Amino acid sequence: MDRFSEFLEKAEKGSSLRSIPEEGSRRIDLLSNDYLGLGARSREFVDEFLKLYGDADFSSSASRLLSRKQKYHNLLEEKLEELYHKPALLFNSGYHANSGIISALGRPETTLFADELIHASARDGLMLAQAHRKSNVSFFRHNDIEHLAQLIESDDAKEKIIVTEGIFSMDGDVGPLKELVELKHRHDDVLLYVDEAHSFGTRGELGLGIAEELGLIEDIDIIVGTFGKALASQGAFVVTRKNIRDYLVNRARTFIFSTAIPPVNVAWTLLMLSKSLKMNKERRYLKELSEDFRKALESATGKPSKSSSHIIPHICTSAEETVECAEKLRKAGYDVLPIRHPSVPRGQERVRLSLNSELTLVSLLPIAELLRGDNE
């Protein structure tokens, strides 16, 4: 049992020990994924919610394959199908979606080509695909289409699946979906899987993500989105072809063996979705705010940002420096935390600044001055 204590001591010495933050901070929130401010305003919608969905049960009492309490699950899937023009399937979280779907898609004759910076949930899906499905996994350099093309062309698997993201959660950069679609169309045996967790709600006229923004929804085989970020709710979904959806109902273990999300939470998602669809003004504002703040930060630090979204990282040189930087910002009234290995590679530790449409540029500009000397 000493190994647990040894691990904790080593993590603390290396400035990488994690802990759960306290509730009730009065600092400016740059931690959460409440990109449209719906979470901060959630109490405003309680009366409307109770009027519309006051009959919603507080427990599903079983998995989707067994539960008799699925009215709102079905309504939400129907609404998503209406928006994407593809069948939808709900999952309990983004982690359940990525790990369950990717592991189910794998087969011995499948190679999964994954961007090297995909989320941990997708990586776990890849490991499960390797372990249980005997799939091949190949990582391509981040957003490097040429490298991916070389890997695909040199692979003789019968089925090939590209796994990437709309907006990457740590660097805040956007996946090259247009180029990936063009590459996919050059091969009859390639499917494209895109995780839109951080772009669902925030990009596109209706907030359906980078795929909508670029007019590529029809061209992408599998799109995953989450409700726990911009939509201030819980759960996730996939939209895909009917045969893939039906396959996942039968093969995705995180779907089959999990008690379904309570109907009351699904009903809340329906309300939040109806709100977010009308928030294009907030989406445009968030994009402009992010661009203006990013330019100010680049000017102050002299360091180009990798970001092209509302997620803006400030890269440090070590875990220790990241902890110090986060503490400096917290003392100045900003709610931030250090991001360290294994969430990011060693030497890429950072403070991740997660913007939302409730913020103003005036409230953010002091950060640029506070970080001005960090890269000199």
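Two strands pair if DSSP finds at least two bridges between them. Helices (H or I, at least four residues) and strands (E, at least two) are DSSP runs, numbered from the N terminus. By these rules, β9 and strand β12 (residues 350-354) are joined by five bridges and run antiparallel.

This is a predicted model, in which local features need pLDDT of at least 70, side-chain atom pairs count only at pLDDT 80 or more, and totals for chains, interfaces and linings use all residues. Residues are numbered from 1 along each chain as its sequence is written, and side-chain values use heavy atoms, with hydrogens and water left out.

**The sheet**

- Strands of a sheet pair through backbone hydrogen bonds, either parallel or antiparallel.
- Here, three strands make an open sheet, ordered β9-β12-β11, with antiparallel pairing.
- β9 and β11 (338-339) are at the edges with a single partner strand each, so one side of each has no neighbour in the sheet.
- Two bridges link β11 and β12, again in the antiparallel sense.
- Pro338 has Val351 in β12 as its bridge partner.

**Cover on strand β9**

- Buried means under 20% relative accessible area, exposed means over 50%, and partly exposed lies in between (1.4 Å probe, protein chains only).
- Strand β9 spans residues 311-315, and five of its five residues are buried.
- Which residues sit on each face of β9? Ile311, Pro313 and Ile315 are on one side, Ile312 and His314 are on the other, and all are buried.

- Phe140 belongs to strand β4 (residues 136-140).
- Why does Phe140 count as buried? Its relative accessibility is 2%.
- Phe140 and Val238 are 98 residues apart along the chain, and their C-alpha atoms are separated by 24 Å.
- Ser363 is part of helix α14 (residues 361-370).
- Ser363 counts as buried because its relative accessibility is 19%.
- Ser363 and Tyr334 are 29 residues apart along the chain, with 9.7 Å between their C-alpha atoms.

**A charged patch**

- Asp2, Glu6, Glu9 and Glu12 form a negative surface patch.
- Patch residues have over 30% relative accessible area and no salt bridge; like charges are joined within 9 Å, and nonpolar side chains (Val, Leu, Ile, Met, Phe, Trp, Tyr) within 5 Å.
- A salt bridge is a side-chain nitrogen of Lys or Arg within 4 Å of a carboxyl oxygen of Asp or Glu.
- One patch member, Glu6, lies in helix α1 (residues 2-13).

How values were computed:
Accessible areas come from the Shrake-Rupley method with a 1.4 Å probe; for residues, only the protein chains shown count as cover. Lys and Arg count as positive and Asp and Glu as negative; His and the chain ends are not counted. The place of a charge is taken as NZ of Lys, CZ of Arg, CG of Asp or CD of Glu.
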